[in-house]
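Please keep the sequence and the structure in view while reading.

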Amino acid sequence: MTIISTGFSSKTQILLSRQNYEISKQEVDTTLFNFIKQLNAQCGDHTYFEFNNHRYIYQPVESLYVFVITTKNSNVIEDLEVVKMLSQIAQTVTKQCVSEKTIMDNIFDLIFYMDEIVIDGNREALTMDQLETYIAMESHEEKLQLMLIKNKEKEEKERRRQIAMKLDKEKQRKKLDTYFASPPAPSSPPQPQSASEGYLEQAETLFAARPENTHACGMQLTRAKQAKKLTDLALESGFSLQPITAHQHADGPGKNAPGATKIASDVPLLVRVEEKCNGLMDIERDVTKLTYQGSLILTVYDTEIASMASLQFEIGDNCKFKPKYHPNLDKSKIVDGVLEIKDGPPFRLNCPVSLVKWRHDTTEPVMPFSVSCWSSCDSIETSLSVEVSNQDQTELCNVSLEFNCPRTVKTKINNSQDVKVYHENDVMYWDLGTVAKDESKTIGFSVQMDLDSLVPFSFSAEAYVNYFNIKVTNCFDKNGGGDINHKVVHKTCYSLKVDRSA
């Protein structure tokens with residue numbers, strides 16, 4: 001069986017002809033001319049005729065004709081199937097409106113179909129559904145490649161954001177190094193002052209260059225509390241402040257000066273229970289991962305209690321993971337709820353040391369607050385609302401949100417009650433301040449960006465309670481000297497990354 005040509009024609013001209021057999025142009029013109037000539041001379045109900053060495057099989061389709069030109073020794077039944085399939089193709093491609101105009105408008109689609117049903121002069125046994133699948137040319141490999149490209153773009157965007165954050169932190173670190181550089185020796189001895197005032201002056205020197213808050217100030221701290229707050233911030237940044245006492249002069253403290261070995265403080269021993277909570281959150285659902293890392297940090301300011309201080313502690317019954325203890329602690333005392341150093345070197349003066357550490361990963365929303373997001377997008381802008389609800393009995397402090405939103409992008413603030421909004425570089429900051437217990441705060445805005453460019457965004461807050469329920473109930477002299485004056489501070493810093501689900 002050899003199919004020479006297939007196509008569509010009217011009674012006066014050939015509209016489309018596809019040659020499936022090697023043949024000269026002169027022979028093609030002669031063959032098609034003979035088809036038109038014999039078609040007009042044909043009478044009766046016959047839909048085929050033979051002329052010279054060719055057989056012509058055709059079928060009317062509305063006002064046009066579908067034809068197949070073959071050799072005389074071809075299989076007529078197979079040829080009729082080709083004609084029938086061409087008729088279905090014409091009606092499918094032209095959407096049941098077969099005319100000269102629709103044939104010419106869809107000429108390339110018809111050629112693609114004709115190439116699929118006849119290959120090298122032979123009919124391919126294909127159904128209409130198979131033909132449509134082949135013409136659509138859907139490729140699983142292409143879809144997979146597009147997904148890989150999209151993931152790489154997303155990873156590159158995240159990598160650049162991390163590099164930018166790292167560079168900003170390095171700049172801040174260099175500023176801190178500059179502010180804490182040792183000053184030159186004064187020409188005359190300074191006036192005596194208390195250690196708290198010395199701390200305050202050094203801390204104020206560091207934080208004087210920090211940009212002022214754009215929001216209004218609340219209740220002002222006293223000088224002593226302000227000194228302690230600024231000093232804590234400096235210590236968290238990794239710097240050690242040297243106290244200035246009444247016994248320090250231009251050439252430094254004397255070795256035998258009373259203030260050289262004891263730092264003035266409101267308490268001789270400070271215990272800090274600090275935690276950091278880093279997590280991932282789905283913008284459409286809830287928390288997907290939380291990691292709590294914490295430690296119990298002891299700082300001794302008095303040499304007299306450096307070797308004899310012991311801590312009485314207790315851990316809540318709901319704790320499902322075990323902490324790790326410093327190797328220099330007496331393990332036999334830990335069973336009784338006592339943190340006590342072994343016989344050996346005492347605690348180093350003015351040097352914070354971690355006695356207990358813990359880490360816990362969970363997918364349960366065990367935070368004392370909740371963050372809910374609602375987003376809506378159209379072709380022009382994206383609207384986003386975020387609600388922060390405090391469900392605990394203690395307040396949340398320093399609550400803030402950070403969005404990747406350049407200041408050149410048009411932004412419309414929909415809800416900013418009791419919060420402050422400002423831009424820094426290409427980041428939009430929302431400062432919610434303090435969220436009291438059983439209180440909620442909501443922000444809302446619209447930007448001319450898509451949601452994929454706006455997320456992920458960051459949420460941060462501080463609370464003065466801990467997830468790991470460890471409590472220091474007392475501090476005493478292990479040699480039987482009675483209780484030791486001390487102070488315990490609890491703090492947890494939360495940092496959440498809110499993103500769309502993969």
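**Aromatic contacts and strand pairing**

With a relative accessibility of 0%, F35 counts as buried, and it should be kept in mind throughout that the model discussed here is predicted. The points below begin with the aromatic residues and then turn to the strands.

**Aromatic rings**

- The count of aromatic pairs comes to 17.
- In the pair of F35 and F49, the ring centres lie 6.2 Å apart with the planes at 15°, and because planes under 30 degrees apart count as stacked, this pair is a stacked one.
- Since F35 belongs to helix α1 (residues 25-41) and F49 to strand β3 (residues 48-51), the pair ties together parts that are 14 residues apart in sequence.
- F49 has a relative accessibility of 8% and therefore counts as buried.
- The rings of F49 and Y58 also have their centres 6.2 Å apart, but their planes stand at 55°, so this pair is tilted.
- Y58, at 6% relative accessibility, counts as buried.
- One aromatic cluster is formed by F35, F49, Y56, Y58, Y65 and F67.

**Strand pairing**

- Strand β14 (residues 369-377) and strand β15 (residues 382-390) run antiparallel and are joined by nine bridges, and the two form a hairpin with four residues between them.
- Within this pairing, W374 has S385 of β15 as its bridge partner.
- β15 also pairs with strand β20 (residues 440-447), in the antiparallel sense and over eight bridges, where the bridge partner of T382 is V447 in β20.

Key:
Residues numbered from 1 in each chain as written. Predicted model: local features only at pLDDT ≥ 70, side-chain atom pairs only at ≥ 80, totals over all residues. Heavy atoms only, no water. Phe/Tyr/Trp six-rings, centres within 6.5 Å; stacked < 30°, edge-to-face > 60°. Buried < 20%, exposed > 50% of the residue type's maximum accessible area, 1.4 Å probe, protein only. Pairing = 2+ DSSP bridges.
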